[in-house]
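I opened my notebook to look up two things.

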Amino acid sequence: MSASPARSQPEYVTFAGDVRRDREAVLAAWRGNIGQEQRHAPKFDWFYRACPFGEPLVRLLRHAPTGALVGVGAAGQRRMFRAGRELRAGVLVDLAVATEHRSLGPAITLQKALMSAGEERLDLLYGFPNPKAAPVFKRVGYEKIGELVRYARVLRYRRQLPRVMPAAAALPLGVLLDGATRIRQAVAARRARELRTEWVDQVVPEMDDLWRRSDHGEAAIAARDTVLLRWRFDEAPLPRTRYLLVRDATSGVLEAWFACQPDGADLHIRDFWSIDAAEGVGERFIDALARAARRAGHALLSVEYAGPAPRAGAWLDAGFVPRSRRPIFGKWSRSAGEGRQLHLTAADEDE
């Protein structure tokens, strides 16, 4: 009887990483493969070591024949809720494979290891892959679970139009459109006279009270409280975030807030919440934001959002238009139950 052929050994193997032990190994795997190197160490110490929701799941990829570490991937943990039930989620981030090993096989091996780790500990794994990474997500078994849509609203057409059309045409059209905008803003100002706004540079305790007082809806959402916001924005090595607080003019009670990052003439809304956000942020709150942004000199507002149609429609009703879309891939655990709607903003990514 002939002997059975020896089983071939895998060319690539994965193993669990530790954020304390493997910091330098992860930074080495990132170098030259993702992002700007000067941002790697601050990003690691913030996102990987200081996350209040638990250390990310990290998986390292080793080339078995040489023993070289050739890749890394992670899932940053998030605390989410759906219809009052707490969920454990993980956002897939920082997948890096060394150039000489950058084929479909090693990337799939790494992603499968992350999926396996997530299935043991999490209710949901989700990610925002770039076009090159999307085939890997599909091959591993992730499904498209939504789209992150970028919406924008022009505040000052005379400053914005020259970016996209000749100046000779932009000037007269900008004057006309800015005139129409001022009329709309005058109407909105009368509608929102019961509100007052204030810019602050850090989270305030009232944000926790607003979160407790508001309905959260049926979609899965990370708690919009000061624990998340302080870590995600105030402590992050990222561009400065300012918060616009929108209060009742009589009582001073916080009714809405917007976490914003300026970029020249643009103002990007990175996150938001309001007393009525479960049904869609009230147009009066968004108009208050637009007035405050315009007074601060901004020409364009933008926000990225994935969520139930009524919540997304609130931005359309307030004059925002869709500009681009990014697919969201993910995998729910069997125990997560029914109801797969999400509420995601830029705050639910890693940077």
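**Helix contact**

I looked up which residues of helices H1 and H2 touch: Arg23, Val26, Leu27 and Trp30 in H1 meet His40, Ala41, Lys43, Phe44, Asp45 and Tyr48 in H2. Contact means heavy atoms within 4.5 Å. By class, this contact has six nonpolar, one polar and three charged residues. Ala, Val, Leu, Ile, Met, Phe, Trp, Tyr, Cys and Pro count as nonpolar, Asp, Glu, Lys and Arg as charged, and the others, Gly among them, as polar.

I noted that this is a predicted model, where local features need pLDDT of at least 70, side-chain atom pairs count only at pLDDT 80 or more, and totals for chains, interfaces and linings use all residues. Residues are numbered from 1 along each chain as its sequence is written, and side-chain values use heavy atoms, with hydrogens and water left out.

**Helix angle**

H1 covers residues 23–30 and H2 covers residues 40–48. Helices (H or I, at least four residues) and strands (E, at least two) are DSSP runs, numbered from the N terminus. H1 and H2 pack at an angle of about 130°, and their axes are 10 Å apart. Axes are lines fitted to C-alpha atoms, for helices over the stretch in contact, and angles run from 0 to 180 degrees between N-to-C directions. H1 and H2 are therefore oblique to each other. Angles under 35 degrees count as roughly parallel, over 145 as roughly antiparallel, 65 to 115 as roughly perpendicular and the rest as oblique.

**Largest pocket**

I found a volume of about 1,100 Å³ for the largest pocket. On a 1 Å grid over the protein atoms alone, a cavity is a set of points where a 1.4 Å probe fits but cannot get out, and a pocket is an open set with protein on both sides within 12 Å along at least five of seven lines; lining residues have an atom within 4 Å of a point. Grid points are joined across faces, edges and corners, and a volume is the space filled by probe spheres set on the points. The largest share of the pocket lining, seven residues, comes from E4.

**Largest cavity**

I counted one cavity of 30 Å³ or more. The largest cavity holds about 50 Å³ of space. Its lining includes Gly118, Trp332 and Ser333.
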